[in-house]
Amino acid sequence: MTTPQHDQFPPAGPNGPAAPQYVVMQAPPPKKKKWPWIVGGIFLVMVLGCVGIFAALGTAANEVVETLDENAAGKNAVPGEMGKPARDGKFEFTVTKLDCSKSSVGKSVLAQKAQGTYCIVSLTVKNIGEEAQTFDGTSQKAYDAAGTQYSNDSAAELALAGDASTFLEQINPGNQVKGQLVYDVPKGTELTAIELHDSFLSGGVKIPLS
């Protein structure tokens, strides 16, 4: 005799056999991807680093511009003394004489007449660097007692012929030249100092003219 296998179906309820019970298996939640956060973090670090670099470059550029402005205004020129060597960059300057007695310089077609009077500064320029350097008269400035700045007169310097060896003269290392810088100033003006530069960007050296 066969015994019914009651455990194959759920027991019957009052209204008939109960419906089969099914267990629904839920899928595990998807794992969150970490790589977008990692990439985002690296990008943020790079951006912040670039911002810092640009800020530092901007600060450095501002400092350079400020220094150049101060150089142009003569604020960074170191003091020198007439008759004694004074250095700026690759040049060593020795100022030997000031003459403000001439109203004209040069001869014949090269002759130049001053608007006021010519002040002529005699000096020696020596190259103390390791390569040739051009001495530019336009970078050299003169001052009176009130602090008024005067630029050189390159045409008058050229009119001085052989004595004008400082006019755009290229000087090799160890060599030196003697020449004159000429300033056309109002009559009665007394120049009190000259500011000499290795180049128009350098700090310069300021030498009293007395």
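These are my notebook entries on a predicted model of one protein chain.

**Ground rules.** I number residues from 1 along each chain as its sequence is written, and side-chain values use heavy atoms, with hydrogens and water left out. Local features need pLDDT of at least 70, side-chain atom pairs count only at pLDDT 80 or more, and totals for chains, interfaces and linings use all residues.

**Overview.** I looked up the secondary structure and found two helices and 13 strands. Helices (H or I, at least four residues) and strands (E, at least two) are DSSP runs, numbered from the N terminus. Of the 210 residues, 31% are buried. Buried means under 20% relative accessible area, exposed over 50%, and partly exposed in between, with a 1.4 Å probe and protein chains only.

**The sheet.** I traced an open sheet of five strands in the order β3-β13-β12-β8-β9, with mixed pairing. Strands β3 (78–79) and β9 (149–151) stand at the edges with a single partner strand each, so one side of each has no neighbour in the sheet. Two strands pair if DSSP finds at least two bridges between them. Two bridges join β3 to β13 (residues 205–208), and these strands run parallel. Val78 has Val205 of β13 as its bridge partner.

**The cores.** A nonpolar core is a set of buried Ala, Val, Leu, Ile, Met, Phe, Trp, Tyr and Cys residues joined through side-chain atoms within 4.5 Å. The largest one has 22 residues, and Tyr183, Ile194 and Leu196 have the most contacts inside it. Strands β5, β6, β11 (176–185), β12 (191–196) and β13 each give two or more residues to this core. I also found a second, separate core of eight residues, including Ala114 and Tyr118.

**Rings.** I searched the whole structure and got three aromatic pairs. Rings of Phe, Tyr and Trp (its six-membered ring) pair if their centres lie within 6.5 Å; planes under 30 degrees apart count as stacked, over 60 as edge-to-face and the rest as tilted. Phe91 and Phe135 are edge-to-face, 6.0 Å centre to centre, with 65° between the planes. Phe91 lies in β5 and Phe135 in β7 (residues 133–135), so the pair ties together parts 44 residues apart in sequence. Both Phe91 and Phe135 are buried. Ring pairs link Phe91, Phe93 and Phe135 into a cluster.

Ser108 sits in the loop between β5 (91–105) and β6 (112–127). Its phi is near 55°, a positive value in a residue other than glycine. Most residues other than glycine have a negative phi. Ser108 is exposed, with a relative accessible area of 66%.
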